[in-house]
Amino acid sequence: MTDCIFCKIAAKQIPAGVVYEDDEMLCFKDINPAAPVHLLLIPKVHFDSLAHAGPEHEALLGNMMMKVPKIAAQAGLGNGFKTQINTGKGGGQEVFHLHIHIMGRPA
């Protein structure tokens, strides 16, 4: 997708405060944080939202969810964190590329 800001970040066309990356996903600091630690975990493959995920995304979504606690701990959120996935306009989604918010306050 050529006009997706998160695809451009994943392709390194737009700089971001990357805190984690592997072959499937990228995690970076939110530029408008709602918490002292506010990260966004995105798949490198584009799909709009959780409502648009298909069977082909099942393993990727599982891998992303399993990575969240590790990323949170590395960001200093050892006492806990909040995750959020906004889905669709009615769910508050603003960027239509699936992403998981990881938020919290360091201990």
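His97 lies in the loop between E4 and E5. Helices (H or I, at least four residues) and strands (E, at least two) are DSSP runs, numbered from the N terminus. The model is predicted: local features need pLDDT of at least 70, side-chain atom pairs count only at pLDDT 80 or more, and totals for chains, interfaces and linings use all residues. Residues are numbered from 1 along each chain as its sequence is written, and side-chain values use heavy atoms, with hydrogens and water left out.

His97 has a relative accessible area of 0%, so it is buried. Buried means under 20% relative accessible area, exposed over 50%, and partly exposed in between (1.4 Å probe, protein chains only). Leaving aside residues up to four places away in sequence, His97 touches Cys4, Phe6, Cys7, Ile42, Pro43, Val45, His46, Phe47 and Asp48. Contact here means heavy atoms within 4.5 Å.

Two of these contacts, Ile42 and Pro43, belong to strand E3 (37-43). E3 is mostly covered, with seven of its seven residues buried. Val37, Leu39, Leu41 and Pro43 point one way from the strand. His38, Leu40 and Ile42 point the other way. E3 pairs with E5 in the antiparallel sense over five bridges; two strands pair if DSSP finds at least two bridges between them. His38 stands opposite Met103 in E5.

E3 also pairs with E2, again antiparallel and over five bridges. Met25 has Pro43 in E3 as its bridge partner. Four of the five residues of E2 are buried, so this strand is largely enclosed by the rest of the structure. E1 and E2 run antiparallel and are joined by three bridges. Val18 stands opposite Phe28 in E2. A hairpin of three residues links E1 to E2.

Helix H2 (residues 58-74) has 17 residues. At 1.5 Å a residue it should span 24 Å, and its end C-alpha atoms are 25 Å apart, which agrees. The expected span is 1.5 Å times one less than the number of residues. H2 bends by about 30° at Lys67, and Pro69 follows within four residues. The bend is the angle between axes fitted to the seven residues ending at a residue and the seven starting there. The buried residues of H2 are Leu60, Leu61, Met64, Lys67, Val68, Ile71 and Ala72. Their cover includes strands E1 (18-21), E2 (25-29), E3 (37-43), E4 (82-84) and E5 (100-104). Just after H2, Gly76 takes a positive phi of about 90°.

The largest pocket has a volume of about 470 Å³. Of the 24 residues that line it, the closest to its centre are Phe6, Asp30, Ile31, Leu40 and Val95. Helix H1 (5-10), E2, E3 and E5 each give two or more residues to the lining. The largest share, three residues, comes from H1. On a 1 Å grid over the protein atoms alone, a pocket is an open set of points where a 1.4 Å probe fits, with protein on both sides within 12 Å along at least five of seven lines; lining residues have an atom within 4 Å of a point. Grid points are joined across faces, edges and corners, and a volume is the space filled by probe spheres set on the points.
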